[in-house]
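Please keep the sequence and the model in view while reading.

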Amino acid sequence: MPRAKLTLTVPEEVWLGELTRLYPDATFRVLAALSDDVDAGVGLAEVIAEDVSAALSEMAAYEDVTDIDRLQEEDGKVLIRFRTTMPLLLFPARDSGIPLEMPFEIGDGEAVWELTAPQDRLSALGEQLDQFDIGYTVDYIHQHVTDEPLLTDRQRRLIVEAVEAGYYDTPRESSLTELADRLDIAKSTASETLHRAEEQVVKEYVSQLEST
């Protein structure tokens with residue numbers, strides 16, 4: 001499944017775009033965010049800045065920011081929970097059906113997203129970003145390789161033995177019973193293990209087709 005990195009340009013007329021440009025040294029690290037109704041959102045973020053109190057005071061002055069709670073503070077960094085009636089960045093992700101991966105950072109009018117989604121969803125996201133007048137550049141799109149193996153060791157061994165024995169040949173050169181005997185396992189175990197392995201292989205193949 002494709003993995004993409006996008007750099008978004010937040011419009012200057014939106015509070016988040018204006019605020020981060022007023023404080024270009026500040027970083028807003030969004031740890032969690034959700035839409036709590038059609039037109040509002042709640043976020044959890046770390047704000048890191050040389051004058052973090054001034055940045056938060058400016059943020060609180062925006063009409064679109066209705067609530068800010070300081071949860072934890074240390075030099076140059078504050079953890080906040082905030083509510084806004086204009087969670088612009090949540091809308092295109094929500095409407096394209098792509099969950100945002102957290103955390104992501106916003107600084108000097110730009111947000112950086114890393115996403116894993118089928119190609120059609122990424123295309124839908126591009127359309128939504130255009131619809132909301134959010135400029136963006138695609139830094140990369142590549143196939144995401146998971147650290148987890150597709151098959152267990154047992155499934156892999158059985159699949160390899162099945163191929164070598166001609167189980168998948170046409171006509172078939174080995175029966176399920178003969179395959180089970182080769183591995184000294186019960187026929188029912190061989191059948192179930194093969195079925196689960198085949199399911200994983202087929203689903204991965206279809207997933208790759210959908211992402212191209």
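## Domains of the chain

Which domains does the domain assignment of the chain give? The assignment gives domain 1 (2–143) and domain 2 (153–210); domain bounds of this kind come from an automatic or database domain assignment. The C-alpha centres of domain 1 and domain 2 lie 47 Å apart.

The model is predicted: local features need pLDDT of at least 70, side-chain atom pairs count only at pLDDT 80 or more, and totals for chains, interfaces and linings use all residues. Residues are numbered from 1 along each chain as its sequence is written, and side-chain values use heavy atoms, with hydrogens and water left out.

## Helix α5

Helices and strands are DSSP runs numbered from the N terminus (helices are H or I with at least four residues, strands are E with at least two). Helix α5 covers residues 153–164. Its 12 residues, at 1.5 Å a residue, should span 16 Å, and the end C-alpha atoms are 17 Å apart, which agrees. The expected span is 1.5 Å times one less than the number of residues.

Which residues of α5 are buried? They are Q155, L158, I159, E161 and A162. Seen down the axis of α5, these buried residues fall within an arc of 165°, so they line one face of the helix. The arc is that of the directions from the helix axis to the C-beta atoms. On the other side of α5, the residues D153, R157, V163 and E164 are exposed. Here, buried means under 20% relative accessible area, exposed means over 50%, and partly exposed lies in between (1.4 Å probe, protein chains only). After α5 comes G166, whose phi is positive, near 85°.

## Helix α2

Helix α2 (residues 52–60) has the buried residues V52, A55, L56 and M59. These cover an arc of only 95° around the axis, which puts them on the same side of α2.

## Salt bridges between strands

A salt bridge is counted when a side-chain nitrogen of Lys or Arg is within 4 Å of a carboxyl oxygen of Asp or Glu. By this rule the count comes to 11 salt bridges. One of them joins R29 and E105, with the closest N and O atoms 3.9 Å apart. R29 belongs to strand β2 (residues 27–37) and E105 to strand β6 (residues 104–107), so the pair ties together parts that are 76 residues apart in sequence. R29 is partly exposed, with a relative accessible area of 27%, and E105 is partly exposed at 42%.

The side chains of R81 and D67 also meet in a salt bridge (3.6 Å, N to O). R81 lies in strand β5 (residues 77–84) and D67 in strand β4 (residues 65–74), so this pair ties together parts that are 14 residues apart in sequence. R81 is partly exposed, with a relative accessible area of 33%, and D67 is partly exposed, with 30%.

How many residues apart are E192 and R196 in helix α7 (residues 187–210)? They are 4 residues apart, about one turn of the helix. Their side chains meet in a salt bridge (3.4 Å, N to O). E192 is partly exposed at 45% relative accessibility, and R196 is partly exposed at 46%.

H195 also lies in helix α7. At 52% relative accessibility, H195 counts as exposed. H195 and L88 are 107 residues apart in sequence and 46 Å apart in space, C-alpha to C-alpha.

Is L179 buried or exposed? L179, in helix α6 (residues 176–183), counts as buried, at 0% relative accessibility. L179 and S191 are 12 residues apart in sequence and 9.7 Å apart in space, C-alpha to C-alpha.

## A nonpolar patch on the surface

Y136, V138 and I141 form a nonpolar patch on the surface, with about 240 Å² of accessible area together. V138 is placed in strand β8 (residues 135–143) and counts as partly exposed, at 44% relative accessibility.

Patches are made of residues with over 30% relative accessible area and no salt bridge; like charges are joined within 9 Å, and nonpolar side chains (Val, Leu, Ile, Met, Phe, Trp, Tyr) within 5 Å. Accessible areas come from the Shrake-Rupley method with a 1.4 Å probe, and for residues only the protein chains shown count as cover.
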